[in-house]
Amino acid sequence: PKESNWDGGYLYQYQGCWCPSLSFQGLISFQRHFQAHDTDVILITPPKSGTTWLKALAFAIANRMHYPLSQSPLLTSNPHHLVPFLEFNIYHENPFPNLENIHSPRIFSTHTPYALLPSSIKDSKCKIVYLCRNPLDRLVSYWHFIGKLRPETVEAISLDQLVDMFCRGLTAYGPFWDHVLGYWKASQEMPNKVLFLQYEDMKVEIVSPLKTLADFMGCPFSLDEEKQGMVEEIASFCSFNNLKELEVNKTGKFHTGKQNNVFFRKGEVGDWANYLTPGMVERMEKLMEEKLEGSTSKRRGRG
Ligand code: A3P
């Protein structure tokens, strides 16, 4: 089955997931050919959940021995350039990319649901970091994102229609609740394999999630580093305000020609209240309640 996606493409139903046409071939090649290494770190998010932030944090953690922050590649490259998407970038461009010579830990990212991950990711000892975000904020964030990329489409769809699509499961890599539950269950069953993070928690307090992330990635901060304030330095380097103001993220372009600034809008929790009507909120919350019923990830899905 195929449904029109208001962003100008389609969503294809594939193995229970709604895959955007833009990355569909890339997803299939990734699923068939990717060979995970035990040392890999795979960052996984539903779109618009803070992927850019997570990429910057993971890159800064893993590379702090190679470059001081004053010389970090993050100063001159967008996080999506340094940590590419497997389905959008790597396998979209080449079904058989050579990924063997990248130094470890290799850090990749994807929006792929757990059920569709290549078996080599599930069977190897590689690590999965999952970040999710309140779906109300995600929806508003996505609406603005597409609006910046394709201004004509924001006029072509109302938020009401977008909420309706969300509630029918019709979102990129959706249904959203299957995405969250897949990784939530995996994180409960395999806590050493899957780390489950939430955007809202990281906005309240970043230092402890940052340390957890570094421990999980196998790059823990030493006592000396902690004393020297390295954790706080990375947190503030990767903060929304700092990354957004870097020249590369203000005026630079992604290789596809997109402006890097589309990845930085407001970076806040609760902006949905400025856009969604009480009726839209009630509909989405009721559905989340139903779909996540009986799961301890309920709060996590709703934020
Ligand atoms: P808003 O549109 O609500 O501002 P993704 O990176 O998955 O595409 O998600 C984009 C969202 O994350 C946007 O949310 C963006 O502003 C926010 N974001 C980007 N960088 C961030 C950072 N360093 N800290 C917090 N939020 C960030």
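Where is the place of P105? P105 sits in the loop between α4 and β5, where helices (H or I, at least four residues) and strands (E, at least two) are DSSP runs numbered from the N terminus. A cis peptide bond, with omega about 0°, links S104 to P105.

Before going on, a word on the model. It is a predicted one, in which local features need pLDDT of at least 70 and side-chain atom pairs count only at pLDDT 80 or more, while totals for chains, interfaces and linings use all residues. Residue numbers run from 1 along each chain as its sequence is written.

Now look at helix α4, residues 86-93. L86, F88 and Y91 are among the buried residues.

The loop between α8 (159-167) and α9 (176-189) holds P175, which is joined to G174 by another cis peptide bond with omega about 0°. Y173 lies in this loop too, and its phi is positive, near 70°. Y173 is buried, with 24 other C-beta atoms within 10 Å. Compare Q15, in the loop between β2 (10-14) and β3 (17-20): its phi is also positive, about 50°, but Q15 is exposed, with 10 other C-beta atoms within 10 Å. Most residues other than glycine have a negative phi, and most peptide bonds are trans.

Terms used. A residue is buried if 20 or more other C-beta atoms lie within 10 Å of its own, exposed if 12 or fewer, and partly exposed in between; C-beta atoms are placed from the backbone.
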